[in-house]
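Colleague: Let's go through this chain together. I'll ask, you answer.

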Amino acid sequence: MAEQDETNSSPEHRTTTTEQGRFCVARCACGWRGPARRARSLARADAQAHFNPPGM
């Protein structure tokens, strides 16, 4: 079964990470989906960057 991590943020930007085979993917409640990553830490960083985009 795939493992999920949740990042508590605002309700419209609630992110999770899901493992799919050798890859981990970050997703958001708003419909955003990050790239498949081999490292969970990179998927989590993608989710964090989605929630806090540069310049904000």
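Modeller: Helices (H or I, at least four residues) and strands (E, at least two) are DSSP runs, numbered from the N terminus. This is a predicted model: local features need pLDDT of at least 70, side-chain atom pairs count only at 80 or more, and totals for chains, interfaces and linings use all residues. Residues are numbered from 1 along each chain as its sequence is written, and side-chain values use heavy atoms, without hydrogens and water.

Colleague: Which residue stands opposite Cys-24 of strand 3?

Modeller: Strand 2 (residues 15-20) and strand 3 run antiparallel, joined by six bridges; pairing takes at least two DSSP bridges. They form a hairpin with two residues between them, and Gly-21 in the turn has a positive phi of about 65 degrees. Opposite Cys-24 stands Glu-19.

Colleague: Is Ala-36 buried, partly exposed or exposed?

Modeller: Ala-36 sits in the loop between strand 3 (23-28) and helix 1 (40-51). Buried means under 20% relative accessible area, exposed over 50%, partly exposed in between (1.4 Å probe, protein chains only). Ala-36 has 45% relative accessibility, so it counts as partly exposed.

Colleague: Which residues does Ala-36 touch, leaving out those up to four places away in sequence?

Modeller: Contact means heavy atoms within 4.5 Å. The C-alpha atoms of Ala-36 and Ala-26 are 7.8 Å apart. With residues up to four places away left out, Ala-36 touches Phe-23, Cys-24 and Val-25.
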